[in-house]
Amino acid sequence: GHNTLIFNCHQFSVLKDMMQLCQKYQIHRPINFIMASIKYSEITIGDLVDIIEFSEEIVKSGPQYKERSEDLYKRVINFSRCNFASWQVILNFMERNRYTASTAKIFQALKNDQSATLRWNVG
């Protein structure tokens with residue numbers, strides 16, 4: 001029965017909580033379903049911090065998920081690059097999310113990204 005619940009869930013915060021429960025109680029069976037559900041989950045600005053934290057949780061589940069974690073991280077950075085087009089959007093994001101290690105990772109990646117820097121300098 002958990003397959004249907006997981007496949008119908010597309011919120012990263014819930015998927016992250018499920019992953020934490022699996023790790024805490026050493027339940028391995030749902031992890032593959034959670035990983036498959038990630039592919040179909042859409043990213044929103046409100047989910048960025050949860051997704052970064054979720055990508056870190058995936059790695060804790062085993063080295064076989066490192067590639068999935070890196071892919072998820074890249075999706076966050078690409079989404080941020082395209083959607084942080086103005087200072088208003090960035091400030092609204094920062095207002096909703098405290099400056100944490102997760103938000104720092106997003107901004108550090110964008111700071112080091114030449115295309116993002118160029119876009120911000122021109123705009």
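Predicted model: local features only at pLDDT ≥ 70, side-chain atom pairs only at ≥ 80, totals over all residues.

Reader: How far apart are the end C-alpha atoms of helix α7, and what span should its twelve residues have?

Author: Helix α7 covers residues 101-112. At 1.5 Å a residue, its twelve residues should span 16 Å. The distance between its end C-alpha atoms agrees with this: 16 Å.

Reader: Within what arc do the buried residues of α7 fall, seen down its axis?

Author: The buried residues of α7 are Ser102, Thr103, Ile106, Phe107, Ala109 and Leu110. Seen down the axis, they line one face of the helix, because they fall within an arc of 155 degrees.

Reader: Which exposed residues are on the face of α7 turned away from its buried side?

Author: Exposed means over 50% relative accessible area. On the face turned away from the buried side of α7, the residues in that class are Ala101, Lys111 and Asn112.

Reader: Is Glu57 buried or exposed?

Author: Glu57 is part of helix α4, residues 48-60. Leaving out residues up to four places away in sequence, Glu57 touches Lys16, Met19, Gln20 and Gln23. Its relative accessibility is 10%, and the limit for burial is under 20%, so Glu57 counts as buried.

Reader: In which class of accessibility does Ile27 count?

Author: Ile27 is in the loop between α2 (12-24) and α3 (29-39). Together with Leu21 and Tyr25, Ile27 makes a nonpolar surface patch of about 310 Å². The relative accessibility of Ile27 is 38%, so Ile27 counts as partly exposed.

Definitions and conventions
Residues numbered from 1 in each chain as written. Heavy atoms only, no water. Helix = DSSP H or I, 4+ residues; strand = E, 2+ residues; numbered from the N terminus. Expected span 1.5 Å × (residues − 1). Buried < 20%, exposed > 50% of the residue type's maximum accessible area, 1.4 Å probe, protein only. Arc of directions from axis to C-beta. Patch = residues over 30% accessible without salt bridge, like charges linked within 9 Å, V, L, I, M, F, W, Y side chains within 5 Å. Areas by Shrake-Rupley, 256 points an atom, 1.4 Å probe, with all protein chains shown as cover. Salt bridge = Lys/Arg side-chain N within 4 Å of Asp/Glu carboxyl O. Contact = heavy atoms within 4.5 Å.
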